[in-house]
Amino acid sequence: MQSKQEILEKLTGIQSSRKSYYTELNYLVEEMKKKNRQLAVINQLTQIQINASWPEISIYIASQLSQILPFDHFILTLVKGGQLTSYLAKGGEEEWQCHTLRQASAPDQASLSILNLLHQSLTERFPDHHARSVPLRSQFNQTFGFLTLLQGIRPASVGEEAELFSLIASHVAVSVENILLFQDVSEKINIEAQLVQSAKMAAIGEMAAGIAHELNSPLTAILGNSQLLLREMKESPAAPLMNDIYQCGVRCKKIIQNLLTFSRQEEYLFSTISINEVVEDALSLIGYQLSVSGLTVTKELADPPLLFHGSRHQIEQIVINLLLNARDALVGREDPFIEIRSLLVEEDDGDAYVGLSVHDNGEGIAADSLRQIFQPFYSTKERSKGTGLGLSVSLGIAEAHGGKLLAESEENQYSRFTLLLPLLREEIRHGEKTNADRG
Ligand SMILES: Nc1ncnc2c1ncn2[C@@H]1O[C@H](COP(=O)(O)OP(=O)(O)O)[C@@H](O)[C@H]1O
Ligand SMILES: [Mg+2]
C-alpha cells in the first residue's frame with residue numbers, strides 16, 4: 001500500500017523532477033569538465049615553443065588535441081611559395097612520430113584548391129581514412145596552412161567538434177604565424193651577419209692580396225740572394241744563420257701564396273680532372289717528406305677513376321694541405337699512418353660527388369676546436385709551424401668548385417677530412433670526348 005506521501009509525489013511530480021534535476025546536474029558537471037579540458041588545451045596551444053622544429057610542433061599540437069578530439073593521425077600543413085609541407089604526427093601516449101611530406105602546388109592557387117590537392121594526396125595515401133581540415137589564417141586573412149585530422153571511420157556527428165576544431169585552428173594560427181615571423185626575422189639577422197662577415201673577409205682579402213703582391217718581389221730577392229750566399233759559405237760557421245734566413249724566406253713565400261689563393265686573386269684554369277691523378281701528383285710532390293717522417297701512407301683509389309670539373313692546381317693544394325696537417329698531427333704517435341681514399345659519394349637527394357678522404361690516426365681534434373678549424377688564422381700549432389690558413393683556404397676552394405669539405409675527428413684517435421666535388425656525369429664526359437675527338 002502506497003503512503004499518502006508517495007501518492008502526493010506521483011501526483012505533483014516532485015520526485016521525478018528531482019531525479020531529472022540530478023541527471024541534468026550531472027550532465028552539466030560533465031559538460032563543464034569537458035569545457036575546462038578544452039580550455040586547458042587551447043591555452044596550451046597558445047604556448048608553442050617559438051624555436052621548436054616543425055615536426056616537434058606538429059607532435060605537440062597532436063598530443064594536445066588527442067585529449068579532446070578523436071583522431072588516428074594529425075597533420076600540420078604549411079603552404080609556402082608553391083609548396084605544401086605536411087608534418088604527419090602518428091602514434092599516441094608518449095610515442096609520437098612525425099613524417100614530413102612535401103608536395104608542389106601552383107604558387108598562387110586559391111586556398112580551396114590547395115585543400116583539395118592536400119585531401120587528394122591524403123586519400124591516395126590513406127584510402128580507408130577520412131580527412132577533416134581547417135585552414136590556418138593570418139591576421140590579413142590569408143591561408144598559410146591547414147590542420148587535418150585523419151580518422152578510420154567517417155565521424156558521425158561533427159557539428160560541435162567541428163566548431164571546436166575551428167576555434168582551435170584560430171588559436172594555433174596565431175602561434176604558428178608568430179613562429180613563421182620569428183623564423184623570417186632570424187633568417188634576416190643571420191643573412192645580415194653573414195653579409196657583414198663576408199664584407200669583412202673581402203676587405204681582408206683585398207688588403208692581403210695587395211700586401212702579398214708588394215712583398216713578392218723583395219722576397220724573391222731575399223730568397224735568391226740567401227741561396228747564393230749559402231752556396232758560397234758552405235762550411236762557414238755563419239752558414240746555419242744564413243740557412244735560417246733562407247728557410248724563413250721560404251715560409252713567407254708560402255704564406256703569401258696562401259693569401260693570394262685565399263683572396264682568389266690568382267686565376268686558375270678549369271678543366272676535366274681525375275681525382276686519382278691529383279692524388280698521385282700531390283704525393284709525388286710531398287710523398288718523400290711524408291715517408292722521411294716515418295709515416296705509412298696507403299691509398300685506395302676509385303676504379304674507374306672519378307672525374308670532376310675544376311682547377312687541378314687548387315685541388316692539389318687542398319690535398320697537400322690535408323696531407324701536411326695529417327703529418328703534423330702524427331708527430332710522436334705510435335704506428336702513424338695516413339690513408340687516402342677516393343670514392344663515389346651519393347647523397348639521398350640524388351647529388352653525386354667525387355669524394356676524397358684523408359684519414360690519420362693522429363692526435364685528433366677536440367670538439368670545440370672542430371668548430372673553429374675552418375676559420376682563417378685558427379691554428380693550434382706553434383707560430384713557426386702553423387699559419388691557420390690551410391683549411392680555410394681549402395674550404396674556400398672546395399666551395400668555389402660547388403663542393404664541400406667535411407671534418408670528423410675523435411680526440412687522441414683519428415681525424416678524417418673528406419673533400420666532396422660535384423661528379424662529372426658520364427654523359428658530359430662522353431660529350432667532351434667527342435668534341436675533343438672532332439677538334
Ligand atoms: N689531421 C688533423 N689532425 C688534428 N688536427 C688537425 C688536423 N688538421 C687540422 N687540424 C687542426 O686544425 C687547425 C687548422 O688547420 P690549418 O687551417 O691547416 O692551419 P695550420 O695547419 O696552419 O694550423 C690546426 O692547427 C689543427 O689544430
Ligand atoms: Mg695546415
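# Close-up views of a predicted model

**View 1. Asp360 is in contact with Ala326, Ala329, Leu330, Phe337, Ile338, Gln413, Tyr414 and Ser415, leaving aside its neighbours within four places in sequence.** The structure shown in this and the following views is a predicted model. Asp360 belongs to strand β10, which covers residues 352-360. The residue is buried but takes part in no salt bridge. Arg333 has the nearest side chain of opposite charge, at a distance of 7.2 Å, whereas a salt bridge requires a nitrogen-oxygen distance within 4 Å. The Asp360 side chain instead comes to 2.8 Å from the backbone nitrogen of Gly362.

**View 2. Ser409 in strand β11 (residues 404-410).** With a relative accessible area of 16%, Ser409 counts as buried, because the limit for a buried residue is under 20%. Its side chain reaches the backbone nitrogen of Ile365 at 2.8 Å. The side chains of Ser409 and Ser415 are also joined, by a polar contact of 3.3 Å. When neighbours within four places in sequence are left aside, the residues in contact with Ser409 are Gly364, Ile365, Leu370, Tyr414 and Ser415.

**View 3. An open sheet of five strands in the order β3-β2-β1-β5-β4.** The strands are paired in the antiparallel sense. Strands β3 (95-104) and β4 (130-137) form the edges, each pairing on one side only. From one strand to the next, the twist averages 20 degrees. Helix α4, residues 111-125, packs on this sheet and touches β1 (73-80), β2, β3, β4 and β5 (143-151). The direction of helix α4 makes about 30 degrees with that of β5. Strands of a sheet pair through backbone hydrogen bonds, in either a parallel or an antiparallel arrangement.

**View 4. Strand β1 and its partners β2 and β5.** Of the eight residues of β1, seven are buried, so the strand is largely enclosed by the rest of the structure. β1 is joined to β2 by seven bridges and pairs with β5 over six bridges. Both pairings are antiparallel. Thr77 has a partner in each neighbouring strand: Ser86 is its bridge partner in β2, and Phe146 stands opposite Thr77 in β5. β1 and β2 form a hairpin with two residues between them. Gly81, in the turn of this hairpin, has a positive phi of about 50 degrees. Strand β2 (residues 83-92) is in turn joined to β3 by ten bridges, again antiparallel, and Tyr87 stands opposite Thr100 of β3.

**View 5. Ile61 in helix α3 (residues 54-65).** Ile61 is buried, its relative accessible area being 0%. Not counting residues up to four places away in sequence, Ile61 touches Leu45, Ile48, Phe74 and Val172. Leu45 is 16 residues from Ile61 along the chain, and their C-alpha atoms are separated by 6.7 Å. Phe74, another of these contacts, falls within strand β1 (73-80).

**View 6. The salt bridge between Glu160 and Lys34.** The model contains twelve salt bridges. In this one the N to O distance is 3.8 Å. Glu160 lies in helix α5 (residues 159-232) and Lys34 in helix α2 (residues 14-45), and the pair links distant parts of the chain, 126 residues apart. Lys34 counts as partly exposed, at 32% relative accessibility. Through salt bridges that share partners, Glu31, Lys34 and Glu160 form one network.

**View 7. The salt bridge between Arg312 and Asp281.** The side chains meet at 3.3 Å, N to O. Arg312 is in helix α8 (residues 312-329) and Asp281 is in helix α7 (residues 275-292), so the pair ties together parts 31 residues apart in sequence. Arg312 is partly exposed at 30% relative accessibility, and Asp281 is partly exposed with a relative accessible area of 29%.

**View 8. The salt bridge between Glu347 and Lys404.** The N to O distance is 3.3 Å. Glu347 lies in the loop between β9 (337-346) and β10, and Lys404 is in strand β11, so the pair ties together parts that are 57 residues apart in sequence. Glu347 is partly exposed, with a relative accessible area of 27%, and Lys404 is partly exposed at 30% relative accessibility.

How values were computed: Residues are numbered from 1 along each chain as its sequence is written. Chains are lettered from A and ligands numbered from 1 in the order in which they are written. This is a predicted model: local features need pLDDT of at least 70, side-chain atom pairs count only at pLDDT 80 or more; totals for chains, interfaces and linings use all residues. Side-chain values use heavy atoms; hydrogens and water are left out. Helices (H or I, at least four residues) and strands (E, at least two) are DSSP runs, numbered from the N terminus. Buried means under 20% relative accessible area, exposed over 50%, partly exposed in between (1.4 Å probe, protein chains only). Lys and Arg count as positive and Asp and Glu as negative; His and the chain ends are not counted. A polar contact is a pair of N or O atoms within 3.5 Å; within protein, one must be able to donate a hydrogen and the other to accept it, and residues adjacent in sequence count only if both atoms are side-chain atoms. Contact means heavy atoms within 4.5 Å. Two strands pair if DSSP finds at least two bridges between them. Axes are lines fitted to C-alpha atoms, for helices over the stretch in contact, and angles run from 0 to 180 degrees between N-to-C directions.
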